[in-house]
Amino acid sequence: MAFENITVETRGNVGLIALNRPKAMNALCADLIAELGQALDAFEKDDAVGAIVLTGSDKAFAAGADIKEMASRGYMDVYVSNFITNGWEQITKCRKPIVAAVAGFALGGGCEVAMMCDFILAGDNARFGQPEITIGTIPGAGGTQRLTRAVGKSKAMEMCLTGRLMDAAEAERAGLVSRVVPVAELVDEAVKVATKIAGLSRPIVMLCKESVNAAFETMLAQGVTFERRLFHSTFSTEDQKEGMAAFVEKRPPAFKNR
C-alpha cells in the first residue's frame with residue numbers, strides 16, 4: 001500500500017511507522033491520520049508482527065495538528081464531525097504494544113499521539129508541550145488528561161496554561177518518557193526494545209498491556225483484582241507452561257503464542 005504522509009516498513013517481527021510530512025514538521029492532517037490508522041490496522045492483522053514502533057523525524061515527531069485545517073472551522077462543524085476523534089483514537093485500540101520513538105518537537109496533537117502509545121523513548125533533543133492555549137484553544141486529543149496522569153497536576157497545569165515546553169531530561173524525571181537515548185540511536189533502540197517484546201508470548205503481552213492500562217481507569221482494589229484474574233488466566237496458556245518449564249530447565253523458552 002502506497003502512503004503519502006507516512007512511511008511503513010517491517011524490521012523482523014516489528015512494524016515501523018514514520019510520520020513523513022517534512023515540510024510541515026509532520027503536522028497531523030486528516031490524510032496523515034487516515035493513513036496512520038490503515039497502517040496500524042494492517043500491523044494488527046499481521047501475525048508476523050508482534051510490536052509496533054511509531055516515530056517521526058530527527059527534527060519533529062509531530063509539531064501538532066494541522067492548524068490550516070482547523071482555523072476556519074466552527075463549533076457545529078467540529079462537534080457533528082467528531083473532530084479529533086475519528087482515526088485519532090486508533091492508537092489506543094491496538095492490542096499489540098506501540099513504542100513511540102520521539103525526537104525533536106512533540107507538540108499539541110503530536111504530544112497527545114505520543115502519549116497514546118504504550119510508552120515513549122525520547123531522543124536527547126526531544127521537546128514536549130501542549131501549547132494550544134497560545135492559539136486560543138485547549139488540548140483536544142487527551143492532552144489535559146494523559147499529561148496530568150503522567151506528570152501530575154501541577155506540572156501539567158503549568159504546561160497547559162502557559163504553553164511551556166518540556167525537554168527530554170525533564171520529561172524523563174517527570175515520568176512522561178521511559179528513557180532518553182542519543183537521537184542518532186533512537187529508532188534502532190526503539191526497534192530493539194520492540195523486538196524483545198515481539199519475541200515474547202503474544203497473548204501474555206496483550207494481557208500485561210491490558211492490565212497496566214487498567215491502572216488508569218480503576219481504583220486500586222479493583223485494579224489489583226483485575227490484574228489477579230488476568231494473572232490466573234495465564235495459567236490456561238501453553239506459553240505459561242513453556243515459559244516456566246524453560247526457566248526450571250535453564251533454557252530459552254520457545255513460545256507458540258497460544
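Author: The largest cavity is lined by Ile33, Leu36, Gly37, Leu40, Gly87, Trp88, Gln90 and Ile91. On a 1 Å grid over the protein atoms alone, a cavity is a set of points where a 1.4 Å probe fits but cannot get out, whereas a pocket is an open set with protein on both sides within 12 Å along at least five of seven lines; lining residues have an atom within 4 Å of a point. The model is predicted: local features need pLDDT of at least 70 and side-chain atom pairs count only at pLDDT 80 or more, while totals for chains, interfaces and linings use all residues. Residues are numbered from 1 along each chain as its sequence is written, and side-chain values use heavy atoms, with hydrogens and water left out.

About 30 Å³ of space lies in this largest cavity, a volume being the space filled by probe spheres set on the grid points, which are joined across faces, edges and corners. One cavity of 30 Å³ or more is found in a search of the whole structure. Helix 1 supplies the largest share of the lining, four residues, and helix 1 and helix 4 each give at least two. Helices (H or I, at least four residues) and strands (E, at least two) are DSSP runs, numbered from the N terminus. By class, the lining has five nonpolar, three polar and no charged residues; Ala, Val, Leu, Ile, Met, Phe, Trp, Tyr, Cys and Pro count as nonpolar, Asp, Glu, Lys and Arg as charged, and the others, Gly among them, as polar.

Ile91, one of the lining residues, also belongs to the largest nonpolar core, where Ile17, Leu54, Ile91, Val102, Phe128 and Leu176 touch the most other members out of 47 residues. Helix 1 (residues 30-45) again gives the largest share, six residues of this core. Such a core is a set of buried Ala, Val, Leu, Ile, Met, Phe, Trp, Tyr and Cys residues joined through side-chain atoms within 4.5 Å. A second, separate core of 17 residues includes Val14, Val53, Ala103 and Val193.

Helix 4 also holds threonine 92. Threonine 92 counts as partly exposed because its relative accessible area is 35%; buried means under 20%, exposed over 50%, and partly exposed in between (1.4 Å probe, protein chains only). The side chain of threonine 92 reaches the backbone oxygen of glutamate 89 at 2.7 Å. Neighbours within four places in sequence aside, threonine 92 is in contact (heavy atoms within 4.5 Å) with Met116 and Arg146. The C-alpha atoms of threonine 92 and valine 113, 21 residues apart along the chain, are 9.3 Å from each other.

The open spaces complete the setting. The largest pocket holds about 1000 Å³ and has 32 lining residues, of which Cys117, Asp118, Val212, Asn213 and Phe216 lie nearest its centre. Helix 4 (90-93) is among the elements that give two or more residues to this lining, although helix 10 gives the most, with seven. The lining of the largest pocket comprises 20 nonpolar, four polar and eight charged residues. Helix 10 (residues 202-214) also contains lysine 209, which counts as buried because its relative accessibility is 13%. Residues up to four places away in sequence aside, lysine 209 touches Cys94, Arg95, Lys96, Pro97 and Asp118.

Key:
A polar contact is a pair of N or O atoms within 3.5 Å; within protein, one must be able to donate a hydrogen and the other to accept it, and residues adjacent in sequence count only if both atoms are side-chain atoms.
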